[in-house]
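Please look over the sequence and the model below before reading on.

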Amino acid sequence: MQFPLRLGTRGSPLALTQANMVKSALMAAHGWADDAIEIVPIRTSGDRIQDRALADVGGKALWTKELDRALADGEIHFAVHSMKDVETIRPAEIVIAAMLPRADVRDRLIGAESLAALPEGAVIGTSSPRRAAQVRRARPDASVTLFRGNVDTRLAKLVAGEADATLLAAAGLSRLDRPDVGAPIPIETMLPAPAQGAVGIETLAANADMRAALAAIDHAPTSACVRIERALLAALAADCRSPVAALAEPAADGAYRLRAEILTEDGGEQSGGEAIVHGPDEAAALAANLLARASPRLRRLFGR
Ligand SMILES: NCc1[nH]cc(CCC(=O)O)c1CC(=O)O
């Protein structure tokens, strides 16, 4: 391998923190010195476009497009992503080579103790169709306003009074040294986004040396669970506009408990369920089950 290895990442504070976590893990696993890995921040379309919901302008690809190109061009050797932001269908030449141990998967509510404690008619700032739908389902009186930007930007908007409350992933808050901001929402109340809390590393399928170096830091249970959640997304043929929540967790005898939920954007209709699965191939059955029990309007949202 040619050192220094170039690690591509977005430039947001959370992305840089996660990039440094990956760098430290690789240094520890391989006994590499600090100068073995060079962090290369790359501005993505997702960082540039701040005034619209990504779902309306190109979806999750906007978080990875520039990093994918840098990988293909050999400008970087590997890329670090929040797995939640990585599209379900990836270019054939790119592989997810490793994931770090997953953090707290829950969302945190900032601005109230719980969804039930929100004032009547509360305004919630979020740009996530899943969070918007789940909040509207729990609190039909609430309304949702668009909140984009990095974690600090969103917290500042809340302080500025643009909304009564917002929702952020516990994982991001704790990685940014703000683990106590807001209150965690129980998984039973608000199932998280597929892959929430997981950091993944991609490289070129053709780069065998890099794949082997990254495999050394792969956290197998996290990889297994996130791949199951992503398989469910693929089976739903969901895009980032479709409200989907999913969580796989290790269960007894090497199996996994997969919980999932789909909703209409207004939260009016929902279909949820769970299954014990042994790998990504079995996630499609739960997707089919959710769709089979969904209302016609909800099925249509998923193109069925
Ligand atoms: N879409 C932005 C994004 N992507 C990953 C995280 C948090 C970290 C994670 O889930 O791993 C966040 C912010 C948030 O949802 O609060």
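## The three-stranded sheet

Three strands form an open sheet in the order E11-E12-E13, and their pairing is antiparallel. This is a predicted model, in which local features need pLDDT of at least 70 and side-chain atom pairs count only at pLDDT 80 or more, while totals for chains, interfaces and linings use all residues. Residue numbers start from 1 along each chain as its sequence is written. Strands (E, at least two residues) and helices (H or I, at least four) are DSSP runs numbered from the N terminus, and two strands pair if DSSP finds at least two bridges between them.

Strand E11 (244-250) and strand E13 (270-277) are the edges of this sheet; each has a single partner strand, so one side of each is left without a neighbour in the sheet. On average, neighbouring strands of the sheet are turned by 10° against each other, direction ignored. Axes here are lines fitted to C-alpha atoms, for helices over the stretch in contact, and angles run from 0 to 180 degrees between N-to-C directions. E11 and strand E12 (residues 256-263) run antiparallel and are joined by seven bridges. Among these residues, Pro250 has Tyr256 of E12 as its bridge partner.

## Helices on the three-stranded sheet

Helix H8 (residues 220-236) lies across E11, E12 and E13 and runs at about 145° to E11. Helix H9 (residues 283-292) also packs on the sheet, where it touches E12 and E13, and its direction makes about 155° with that of E13. Contact between two residues means that their C-beta atoms, placed from the backbone, lie within 7 Å.

## The five-stranded sheet

A second open sheet has five strands in the order E2-E1-E3-E10-E4, with mixed pairing. Its edge strands are E2 and strand E4 (94-99), each of which pairs on one side only. From one strand to the next, the twist averages 30°.

Strand E1 (residues 5-9) pairs with strand E2 (residues 37-41) in the parallel sense over five bridges. Within this pair, Arg6 stands opposite Glu38 of E2, and Leu7 has Ile39 of E2 as its bridge partner. E1 also pairs in the parallel sense with strand E3 (residues 78-82), over two bridges. There Leu7 stands opposite Phe78 of E3.

## Helices on the five-stranded sheet

Together, E1, helix H1 (residues 13-30) and E2 make a right-handed β-α-β unit. Right-handed means that, with the strands pointing away from the viewer, the path from the first strand over the helix to the second runs clockwise. H1 lies across E1, E2, E3 and strand E10 (199-204), at about 150° to E1. Helix H7 (residues 208-215) lies across E3, E4 and E10 and runs at about 25° to E4.

## Domains

The protein chain is divided into domain 1 (5-103 + 197-218), domain 2 (107-184) and domain 3 (231-294); these bounds come from an automatic or database domain assignment. The C-alpha centres of domain 1 and domain 2 are 26 Å apart. Ten residues from domain 1 and 14 residues from domain 2 take part in the contact. The side of domain 1 that touches domain 2 has five nonpolar, five polar and no charged residues. In this grouping, Ala, Val, Leu, Ile, Met, Phe, Trp, Tyr, Cys and Pro count as nonpolar, Asp, Glu, Lys and Arg as charged, and the others, Gly among them, as polar.

## Around the ligand

Which residues surround the ligand? They are Ser82, Lys84, Asp85, Leu168, Ala169, Ala171, Gly172, Gln196, Gly197 and Ala198, where near means a C-beta atom, placed from the backbone, within 6 Å. Strand E8 (165-169) and helix H6 (170-175) are the elements that give two or more residues to this shell.

By class, the shell has four nonpolar, four polar and two charged residues. The ligand lies between domain 1 and domain 2, because both give residues to the shell around it.

## Backbone exceptions

Most residues other than glycine have a negative phi, and most peptide bonds are trans. The peptide bond from Phe3 to Pro4 is cis, with omega near -5°, and Pro4 is in the segment before E1. Ala195 is not a glycine, yet its phi is positive at about 75°. Ala195 lies in the loop between strand E9 (183-184) and E10.
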